[in-house]
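Subject: Structure handover

Hello,

Here is the structure I said I would pass on. Please open it beside this email and follow along; my notes come after it.

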Amino acid sequence: PETCIPVIDGGDGWFVDVNMQRAAVHGMPLALAVGTWAKFSASTADSLLFWWSPDNTFIDMRPVPIMFPDHNPDLWNAGFMATDSKKMLLTKWAHHELPVADQRVAELLSVISLSPARIEGMLQATKRGKSD
């Protein structure tokens with residue numbers, strides 16, 4: 001227990017089952033816990049936590065993802081979840097009548113593209129109360 005790395009999960013323990021499998025399969029000494037988001041910020045400095053991006057909840061802590069083998073849907077469907085989670089594509093959406101309401105805005109949205117680094121920079125600036 002003294003060498004275990006605390007892992008804090010949210011909600012009702014969204015990824016506890018996944019983290020248990022990953023710990024066993026990949027030889028990771030983890031101590032799993034479930035807590036509320038409000039209490040995470042003060043207690044996560046020396047622990048692992050479930051986080052997604054883009055999101056500014058823990059951005060000041062500069063979290064770094066743990067890399068697992070590429071997602072294998074066949075294994076996940078069989079209940080073996082030691083590979084990486086399924087990647088989610090970040091997309092942009094607009095109301096289908098936006099081109100009618102404002103063609104210029106619709107055209108701008110169709111060509112704008114932001115890198116993950118740029119999005120993170122914008123989130124950091126927003127959290128600090130600044131904007132570009």
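A residue is called buried here when its relative accessible area is under 20%, exposed when that area is over 50%, and partly exposed in between. Please also keep in mind that this is a predicted model.

H1 covers residues 16-26, and its buried residues are Val 16, Val 18, Asn 19, Gln 21, Arg 22 and Ala 23. What covers them? The cover on the buried residues of H1 includes strand S1, strand S2 (30-34) and helix H3 (73-77). Just after H1, Gly 27 has a positive phi of about 65°.

Now the chain as a whole. It has six helices and three strands, and along the sequence they come in the order β-α-β-α-β-α-α-α-α. The radius of gyration is 19 Å, while the globule rule gives 14 Å for 132 residues; the chain's value is well over that, so the chain is more spread out than a compact globule. Along its principal axes, the C-alpha trace spans about 60 × 40 × 25 Å.

Of the 132 residues, 23% are buried. The chain exposes about 9,800 Å², and 61% of this comes from carbon and sulfur atoms. If you take the contacts between residues at least 6 apart in sequence, 56% of them join residues at least 24 apart.

Strand S1 runs over residues 5-9, and Ile 5 belongs to it. Is Ile 5 buried, partly exposed or exposed? Its relative accessible area is 35%, so Ile 5 counts as partly exposed. Setting aside neighbours within four places in sequence, Ile 5 is in contact with Pro 29, Leu 30, Ala 31 and Leu 48. Asp 46 is 41 residues away from Ile 5 along the chain, yet their C-alpha atoms are separated by 8.1 Å.

Next, the loop between H3 and helix H4 (98-101), where Ser 85 is found. Leaving out residues up to four places away in sequence, Ser 85 touches Phe 15, Arg 22, His 71 and Trp 76. Arg 22 is also one of the buried residues of H1. His 71 lies 14 residues from Ser 85 along the chain, with 5.6 Å between the two C-alpha atoms.

On charges, the chain has 11 positive and 15 negative ones, and the mean positions of the two sets are 8 Å apart. How many salt bridges are there? The count comes to one. It joins the side chains of Lys 87 and Asp 84, at 2.6 Å from N to O.

Last, helix H5, which covers residues 103-111 and contains Ala 106. The relative accessibility of Ala 106 is 15%, so this residue counts as buried. Not counting residues up to four places away in sequence, Ala 106 touches Leu 98 and Pro 99. His 96 is ten residues from Ala 106 in sequence, and the distance between them is 9.7 Å, C-alpha to C-alpha.

Regards

Definitions and conventions
Residues are numbered from 1 along each chain as its sequence is written. This is a predicted model: local features need pLDDT of at least 70, side-chain atom pairs count only at pLDDT 80 or more; totals for chains, interfaces and linings use all residues. Side-chain values use heavy atoms; hydrogens and water are left out. Helices (H or I, at least four residues) and strands (E, at least two) are DSSP runs, numbered from the N terminus. The radius of gyration is taken over C-alpha atoms; the globule rule is 2.2 Å times the number of residues to the power 0.38. Buried means under 20% relative accessible area, exposed over 50%, partly exposed in between (1.4 Å probe, protein chains only). Contact means heavy atoms within 4.5 Å. Accessible areas come from the Shrake-Rupley method with a 1.4 Å probe; for residues, only the protein chains shown count as cover. Lys and Arg count as positive and Asp and Glu as negative; His and the chain ends are not counted. The place of a charge is taken as NZ of Lys, CZ of Arg, CG of Asp or CD of Glu. A salt bridge is a side-chain nitrogen of Lys or Arg within 4 Å of a carboxyl oxygen of Asp or Glu.
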